[in-house]
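The entries follow in the order I looked things up.

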Amino acid sequence: MKILVIESSPHKKGSSNLLAENFIRGAEEAGHEVSIFDTAHCNLHPCMGCDYCGMSGPCCQKDDMAKLQEMILRTDMAVFVTPLYYFGFSAQLKTVIDRFYSFNGKLAAKGLKTGLIVAAWDDNSWTMKDVRAHYETLCQYLNFKDQGQILGTGCGTVSMTARTKFPQLAYEFGKSI
Ligand SMILES: Cc1cc2nc3c(=O)[nH]c(=O)nc-3n(C[C@H](O)[C@H](O)[C@H](O)COP(=O)(O)O)c2cc1C
């Protein structure tokens, strides 16, 4: 199966990408073909709400979203990877999600398999409540088939993350796909 990992942290070698790296190792060991798109280090702009696309494209903005859209429409599974920013996705990932607008129907018709990987500093019972709810509502609306979530609490830095159970859980998630 083709798996597209959509990263979104300004830290190329940060906590969320450490979890993603473990997921990828497991998924590759299980025989999947994994590609990575790093939304934090490319040319992507927020949706302008101009409705030029009429929700079915093309988008009037000429940036790296066209390439990402093609990758999403060709993949069997997408994994959204994000640091927790004020209890939600990073702006880099939210920018991509908003840009789904120009191919909303095509995306929903696909029944894409998805996963979620989040790294957060805090370790409260409610730390991941809202990001999880947002993701699950997106799954419902866009007909995504959730395959699993790694909600890494206490993952505030790479060394904190390495001491938690989450790298191993991310590896096992990848291996189980
Ligand atoms: C702008 C910003 C907002 C953040 N908001 C939260 C938050 O709401 N809850 C939390 O636990 N950690 C929060 N953090 C901490 C990061 O989620 C945490 O350090 C994470 O490990 C960063 O992942 P990264 O290395 O992949 O970028 C925030 C950090 C930044 C820079």
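**Ground rule.** I count a contact when heavy atoms lie within 4.5 Å. I also keep in mind that this is a predicted model.

**Entry 1: Phe37.** I started with Phe37, which I found in strand S2, residues 33-38. I listed what Phe37 touches, leaving out residues up to four places away in sequence. The list reads Leu4, Val5, Ile6, Glu7, Cys42, Asp64, Leu68 and Met71. I then checked one of these partners by backbone distance. The C-alpha atoms of Phe37 and Ile6 are 5.0 Å apart, while 31 residues separate the two along the chain. Is Phe37 buried or exposed? I read a relative accessibility of 6% for Phe37, so it counts as buried, the cut-off being under 20%.

**Entry 2: the fold.** I counted seven helices and five strands. I wrote down their order along the sequence as β-α-β-α-β-α-α-β-α-β-α-α. How compact is the protein for its length? Its radius of gyration is 16 Å, close to the 16 Å of the globule rule for 177 residues, so the protein is as compact as a globular protein of that length. I took the extent of the C-alpha trace along its principal axes as about 50 × 35 × 30 Å.

**Entry 3: whole-chain totals.** I found that 50% of the 177 residues count as buried. The accessible surface comes to about 8,600 Å². Carbon and sulfur atoms hold 52% of that surface. I also compared the charges. There are 18 positive and 18 negative ones, and their mean positions lie 2 Å apart.

**Entry 4: aromatic rings.** I searched the whole structure and got five aromatic pairs. I opened the Phe80 and Phe100 pair. Their ring centres are 6.4 Å apart and their planes meet at 50°, so I call the pair tilted. I checked burial for both. Phe80 has a relative accessible area of 4% and is buried. Phe100 has 3% and is buried too.

I stayed with Phe80 and looked at its pair with Phe144. This pair is tilted as well, with 6.0 Å from centre to centre and 35° between the planes. Phe144 lies in the loop between helix H5 (129-142) and strand S5 (145-152), and Phe80 in strand S3, so the pair ties together parts 64 residues apart in sequence. I noted that both Phe80 and Phe144 are buried. Which residues do the ring pairs link into a cluster? I wrote down Phe80, Phe100, Phe103 and Phe144.

**Entry 5: Asn17.** I went back to helix H1, residues 15-29, where Asn17 lies. Asn17 has 6% relative accessibility and counts as buried. Leaving out residues up to four places away in sequence, Asn17 touches Glu7, His11, Lys12 and Val81. I noticed that Glu7 is also on the list for Phe37.

Entry 6: I then found a cis peptide bond from Gly57 to Pro58, with omega near 0°. Pro58 sits in the loop between S2 and helix H2 (65-74).

The loop between S2 and H2 also holds Asp51. Asp51 is not a glycine, yet its phi is positive, near 65°. At 43% relative accessibility, Asp51 counts as partly exposed.

Tyr86 is not a glycine either, and its phi is positive at about 45°. I found Tyr86 in the loop between S3 and H3. Is Tyr86 buried or exposed? At 82% relative accessibility, I put Tyr86 down as exposed.

Technical notes
Residues are numbered from 1 along each chain as its sequence is written. This is a predicted model: local features need pLDDT of at least 70, side-chain atom pairs count only at pLDDT 80 or more; totals for chains, interfaces and linings use all residues. Side-chain values use heavy atoms; hydrogens and water are left out. Helices (H or I, at least four residues) and strands (E, at least two) are DSSP runs, numbered from the N terminus. The radius of gyration is taken over C-alpha atoms; the globule rule is 2.2 Å times the number of residues to the power 0.38. Buried means under 20% relative accessible area, exposed over 50%, partly exposed in between (1.4 Å probe, protein chains only). Accessible areas come from the Shrake-Rupley method with a 1.4 Å probe; for residues, only the protein chains shown count as cover. Lys and Arg count as positive and Asp and Glu as negative; His and the chain ends are not counted. The place of a charge is taken as NZ of Lys, CZ of Arg, CG of Asp or CD of Glu. Rings of Phe, Tyr and Trp (its six-membered ring) pair if their centres lie within 6.5 Å; planes under 30 degrees apart count as stacked, over 60 as edge-to-face and the rest as tilted.
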